[in-house]
Amino acid sequence: MKLYEITDAYLSLDEVEKTEDVIKVLDGIKDEFDKKAENTVKVIRNFEADIQALRDEEKRLADKRKSLEKKKEDLKEYLYFNMERMKVKKINAGIFDINIQKNPQSIKILDEAIIPEKYKIASYRIDKKTLKDDIKDGLEIEGVSLVQTEGVRIR
């Protein structure tokens, strides 16, 4: 039986008169519910282990990608440096054409403090911890409410 089927069976019997036979059946259903819940937690734990393994692999692959990107950039700088030293702007190298060319213009910030305000974009985030503490202390804040939710905690 599925967990919801066990729950439905228990709730339908829980509404009838409690005879000795009904109590035994209810106890049996409760035991089956507990076993099904335990098996469900085992599946959850397996998912958690898989998720962690995937996170670790994502980090490993991201680190490897960053390392390769750094090596690529280092080699491009190395090639650029030596082409500049040789005063070579263009090379026809077999299947590759190698050129030194100008990049698009970009901005280099020298002193952020003296840049006019019209060029600055303000961003903010809400300090939920302070909001929560203030509401708990009795402060009424419009647009905010303190809520209490429930969830399954597995230990």
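Throughout, buried means under 20% relative accessible area, exposed means over 50%, and partly exposed lies in between, with a 1.4 Å probe and protein chains only. This is a predicted model, in which local features need pLDDT of at least 70 and side-chain atom pairs count only at pLDDT 80 or more, while totals for chains, interfaces and linings use all residues. Residues are numbered from 1 along each chain as its sequence is written, and side-chain values use heavy atoms, with hydrogens and water left out.

Q: What volume does the largest pocket have?
A: A pocket is defined on a 1 Å grid over the protein atoms alone, as an open set of points where a 1.4 Å probe fits, with protein on both sides within 12 Å along at least five of seven lines, and its lining residues have an atom within 4 Å of a point. Grid points are joined across faces, edges and corners, and the volume is the space filled by probe spheres set on the points. For the largest pocket this gives about 330 Å³.

Q: Which element supplies the largest share of the lining of the largest pocket?
A: Helices (H or I, at least four residues) and strands (E, at least two) are DSSP runs numbered from the N terminus. The lining includes Leu75, Tyr80, Met83, Ile98 and Gln101, and at least two of the lining residues come from each of α2 (20-86) and β2 (96-99). The largest share, six residues, is supplied by α2.

Q: What volume does the second largest pocket have?
A: Among the residues that line the second largest pocket are Lys128, Ile135, Gly143 and Val147. By class, this lining has five nonpolar, two polar and two charged residues. The volume of the second largest pocket is about 220 Å³.

Q: What is the N to O distance in the salt bridge of arginine 45 and glutamate 48?
A: Arginine 45 and glutamate 48 are three residues apart in helix α2, so about one helical turn separates them. Arginine 45 is partly exposed at 34% relative accessible area, and glutamate 48 is partly exposed at 39%. Their side chains meet with an N to O distance of 3.0 Å.

Q: Is phenylalanine 47 buried or exposed?
A: Phenylalanine 47 is found in helix α2, and its C-alpha atom is separated by 34 Å from that of serine 145, 98 residues apart along the chain. Its relative accessible area is 52%, and because the cut-off for that class is over 50%, phenylalanine 47 counts as exposed.

Q: Which loop holds lysine 87?
A: Most residues other than glycine have a negative phi. Phi of lysine 87, however, is near 60°, a positive value. Lysine 87 is exposed, with a relative accessible area of 73%, and its place is the loop between α2 and β1 (90-93).

Q: Which helix holds aspartate 134?
A: Aspartate 134 is partly exposed, with a relative accessible area of 29%. Its C-alpha atom and that of lysine 71, 63 residues apart along the chain, are separated by 51 Å. The helix that holds aspartate 134 is α3 (residues 128-136).

Technical notes: Ala, Val, Leu, Ile, Met, Phe, Trp, Tyr, Cys and Pro count as nonpolar, Asp, Glu, Lys and Arg as charged, and the others, Gly among them, as polar. A salt bridge is a side-chain nitrogen of Lys or Arg within 4 Å of a carboxyl oxygen of Asp or Glu.
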